[in-house]
Amino acid sequence: MHDVEHPFHVFSASDVRTALPMDKAVEAMKAAFKELSTGAVTVPLRTHMAISEHDADVLVMSCYSPRLEQVGLKIITLHPHNLDRGLPFIQATVMLVDAERGTPLAVMSGAVLTAIRTGAASGAATDVLARANASRVAIFGSGTQAATQLEGMCTVRPIRSATVFDLDHTRARRFASRMEESLKIEVSVASTAAAALAEADIVCTATTSRMPVFEDADIAPGTHINAIGVYKPHEREIPGATVARARCVVDERSAAWEEAGELILARKEGLISESHVYAELGEILAGLKVGRQSEDEITLFKSVGIANQDLSAAHAVLARGTRLGLGSSVSL
Ligand SMILES: NC(=O)c1ccc[n+]([C@@H]2O[C@H](COP(=O)([O-])OP(=O)(O)OC[C@H]3O[C@@H](n4cnc5c(N)ncnc54)[C@H](O)[C@@H]3O)[C@@H](O)[C@H]2O)c1
């Protein structure tokens, strides 16, 4: 028996950003959600580990895709006190393995990858659920995810303006000027949640809040909502009443009923039953269900994040990154 040396690619955060522009990421997420909802991919439920000493969580997410002939593995850490240390709340690493031979192929920065694929998932959902002429966004939260959420929505709709609401007004102001510069749209800061929602066609919640970030009465008919922030059964960003009156679409049913507090709490309160989840996003993308059905219905996409999103995004980074000569290569 002898070891054969294979090139093993290493991609930094900046390599990932260059290799995976948002339009390509939206395409990759559409393919990922389709294969997820047609049973063409193996995705075990992720492992949650609490580091209670530091009020932090670790998630381990794995996936195998026969279409991509690859296995993906992500370790992601969520440290809420990191903001005070000047460090990101979320840090992650993603690894790819060749499915046929079991050979390790690449490792890459997972924090940027996570932000891009999560924004791209909302882009894919917005594309099939928001009104065709939706042009004004209200965004809750002004952190890492909020930036790529806005970018994802701008990729699929002619967005002209956005209003951001964050409990941290200074952070919101910095976000607004950064986003104006990079997306070339008008971005203003709202002083209340209700003010942020006043003219919104699309609402996105990307916060670390454990309770609803707006009042149900402030959501107008015809609104599409992307809710991405909560992944614990006892927490929610969206009021139960909004969940109950919305056409509800999830990334994956079993993961949503395990982790999405919005759905789990609304069901506990008797506001919805399990059949209230109309579809998985992939069922709509695969043409098995239709997306938005009228101009005035409220649609809600709730995502908790699925491992095959990471695999599809990482696969695209490896393919485009090597073509563009990004990253470095080592022998293990
Ligand atoms: N669905 C997915 O696939 C997915 C992927 C990655 C992260 N997430 C989740 O996205 C959320 C945001 O992550 P991040 O990396 O951007 O975090 P972050 O810490 O960079 O930003 C979160 C922001 O939310 C703000 N906030 C908290 N409560 C608020 C409220 N009630 N109203 C308005 N703003 C409020 C905070 O002040 C902060 O600026 C987290 O909950 C994370 O778990 C989801």
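**View 1. Glutamate 69 sits in the loop between strand E3 (56–65) and strand E4 (70–78).** Helices (H or I, at least four residues) and strands (E, at least two) are DSSP runs, numbered from the N terminus. Phi of glutamate 69 is near 55 degrees, a positive value in a residue that isn't glycine. For context, most residues other than glycine have a negative phi. With 12 C-beta neighbours inside 10 Å, glutamate 69 counts as exposed. The cut-offs here: buried takes 20 or more other C-beta atoms within 10 Å of a residue's own, exposed takes 12 or fewer, and partly exposed is in between, with C-beta atoms placed from the backbone. A word on what you're looking at: this is a predicted model, where local features need pLDDT of at least 70 and side-chain atom pairs count only at pLDDT 80 or more, while totals for chains, interfaces and linings use all residues. Residues are numbered from 1 along each chain as its sequence is written.

**View 2. Lysine 184 is found in the loop between H5 and E9.** Here too is a residue other than glycine with a positive phi, near 55 degrees for lysine 184. Lysine 184 is exposed, with 8 other C-beta atoms within 10 Å.

**View 3. Strands E8 (residues 161–165) and E9 run parallel, joined by 4 bridges.** Strands pair if DSSP finds at least two bridges between them. Look for valine 164, which stands opposite valine 189 in E9. To get from E8 to E9, the chain goes through helix H5 (residues 169–183), and this β-α-β crossover is right-handed. Right-handed means that, with the strands pointing away from the viewer, the path from the first strand over the helix to the second runs clockwise. Strand E9 (residues 186–189) has Val187 and Val189 on a covered face, with Glu186 and Ser188 on an uncovered one. In a regular strand the side chains alternate between the two faces of the sheet.

**View 4. Strand E6 (residues 104–109) pairs in parallel with strand E1 (residues 7–11) through 3 bridges.** On that side, histidine 9 stands opposite alanine 106 in E6. Strand E5 (residues 90–98) is joined to E6 by 5 bridges, and these two run antiparallel. Methionine 95 has valine 107 in E6 as its bridge partner. The hairpin of E5 and E6 has 5 residues between the strands, and glycine 102 takes a positive phi near 80 degrees there.

View 5. The bounds come from an automatic or database domain assignment. The contact takes 18 residues from domain 1 and 22 residues from domain 2, where contact means C-beta atoms, placed from the backbone, within 7 Å. On the domain 1 side, helix H2 (residues 22–37) gives the largest share, 11 residues. That side splits into 12 nonpolar, 3 polar and 3 charged residues. Nonpolar covers Ala, Val, Leu, Ile, Met, Phe, Trp, Tyr, Cys and Pro, charged covers Asp, Glu, Lys and Arg, and the others, Gly among them, are polar.

**View 6. The ligand is surrounded by 29 residues.** A residue makes the list if its C-beta atom, placed from the backbone, lies within 6 Å of the molecule. The closest are Gly141, Gly143, Gln145, Ser209 and Gly305. Helix H3 (110–129) and helix H4 (144–156) each supply at least two residues of this shell, and H4 gives the most, with 3 residues. By class, the shell has 13 nonpolar, 13 polar and 3 charged residues. Domain 1 and domain 2 each contribute at least three residues to the shell.

Definitions and conventions: Two residues are in contact if their C-beta atoms, placed from the backbone, lie within 7 Å.
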